[in-house]
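Subject: Structure handover

Hello,

I am passing on the structure we spoke about. Please look through it first; my notes follow below.

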Amino acid sequence: MAMHWLMQGVQAGDSLVFHYSGHGLQQRNYTEDEVDGYDETLCPLDFKTQGMIVDNELNATLVRPLPCGAKLHAVIDSCHSGTMLDLPIFFVGWTGAWKGTNGGEVISFSGCDDHQKSADTDSLSKVTSTGAMTFSFIQAIERGQGTTYGSILNAIRSFIRGSDSDLGSNIVTFLLTMLITGGSVGFGMRQEPQLTSNEPFDVYTRQFSL
């Protein structure tokens, strides 16, 4: 409902921001629109009774309706979040089926690649537990490293790599993944934040602007 609210009445000149910091998982894809055969999902508080929010739903709600001249920035800090919005342009390759906008522009920073997990830890802020990617994103902006999309991505990645020894996968994330998938996952997977969009551009010359 909140996502639908965000998109109500969107028109040219509007600039939207969607931020999610929480649990993310994967489930088997049966529509053959995912390169790796899995859909990515967000886990809201009531996911056990109401189900997870699948990337196809996120794309249909936040991406496809966006009209020409409107812009959406997403910061998604969760496990398996590389292509959480199913944007067609992955800045190291191609995501699969074309799922662009209605003329608008969508750019998403995500906590990790689709096969990775994102850490939540108190070792960065030293005060409270926070998503490592969210904290690093804020640090990049506050330290003046947010001039271009490429500089933000590099700053986030460098900060996380520099703190890698302190970023073990959270036990809650581990147990939740085991519960949902019935599989086995290991601790200590490095997360590599990603950048995706609905159209290609030069990340090192394009100025970051909300």
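**Helices α4 and α5**

A132, M133, F135, S136, F137, Q139, A140 and I141 of helix α4 are in contact with I152, A155, I156, F159 and I160 of helix α5. Please keep in mind throughout that this is a predicted model.

Two packed helices are described by the angle between their axes and the distance between the axes. Here the axes of α4 (residues 132-142) and α5 come within 9 Å and cross at roughly 125 degrees. That angle makes α4 oblique to α5, because it falls in neither the perpendicular range of 65 to 115 degrees nor the roughly antiparallel range over 145. The crossing of α4 past α5 is right-handed.

**I156, a residue of α5**

I156 is part of helix α5. Is I156 buried or exposed? I156 has a relative accessible area of 0% and is therefore buried, the limit for that label being under 20%.

Setting aside neighbours within four places in sequence, I156 touches F109, M133, S136, F137 and P193.

**Salt bridges**

Side chains of opposite charge can pair when their charged atoms come close. How many salt bridges does a search of the whole structure find? The search gives 3.

One of them is between the side chains of E105 and R206, with an N to O distance of 2.2 Å. This pair connects distant parts of the chain: E105 belongs to strand β8 (residues 105-110), R206 to the segment after β11 (194-197), and they are 101 residues apart. E105 has a relative accessibility of 12% and so counts as buried, whereas R206, at 26%, counts as partly exposed.

Another salt bridge is formed by R157 and E192, whose closest N and O atoms are 3.7 Å apart. R157 sits in helix α5 (residues 149-162) and E192 in the loop between α6 (171-181) and β11, so this pair ties together parts 35 residues apart in sequence. Both R157 and E192 are buried.

R161 also forms a salt bridge with E192, and here the closest N and O atoms are 2.4 Å apart. Since R161 lies in helix α5 and E192 in the loop between α6 and β11, the parts that this pair ties together are 31 residues apart in sequence. R161 is partly exposed, its relative accessible area being 42%. E192, at 16% relative accessibility, counts as buried. Through salt bridges that share partners, R157, R161 and E192 are joined into one network.

**A sheet of 3 strands**

What is the order of the strands in the open sheet? The order is β2-β3-β4, and the pairing of these 3 strands is antiparallel. The edge strands, each of which pairs on one side only, are β2 (24-28) and β4 (53-54).

Strand β3 (residues 38-42) and β4 run antiparallel and are joined by 2 bridges. Opposite L42 stands I53, which is in β4.

**Where to start**

I would open the view at helix α5.

Regards

Definitions and conventions
Residues are numbered from 1 along each chain as its sequence is written. This is a predicted model: local features need pLDDT of at least 70, side-chain atom pairs count only at pLDDT 80 or more; totals for chains, interfaces and linings use all residues. Side-chain values use heavy atoms; hydrogens and water are left out. A salt bridge is a side-chain nitrogen of Lys or Arg within 4 Å of a carboxyl oxygen of Asp or Glu. Helices (H or I, at least four residues) and strands (E, at least two) are DSSP runs, numbered from the N terminus. Buried means under 20% relative accessible area, exposed over 50%, partly exposed in between (1.4 Å probe, protein chains only). Two strands pair if DSSP finds at least two bridges between them. Contact means heavy atoms within 4.5 Å. Axes are lines fitted to C-alpha atoms, for helices over the stretch in contact, and angles run from 0 to 180 degrees between N-to-C directions. Angles under 35 degrees count as roughly parallel, over 145 as roughly antiparallel, 65 to 115 as roughly perpendicular and the rest as oblique. A crossing is left-handed if the near helix is turned anticlockwise from the far one by less than a right angle, and right-handed if clockwise.
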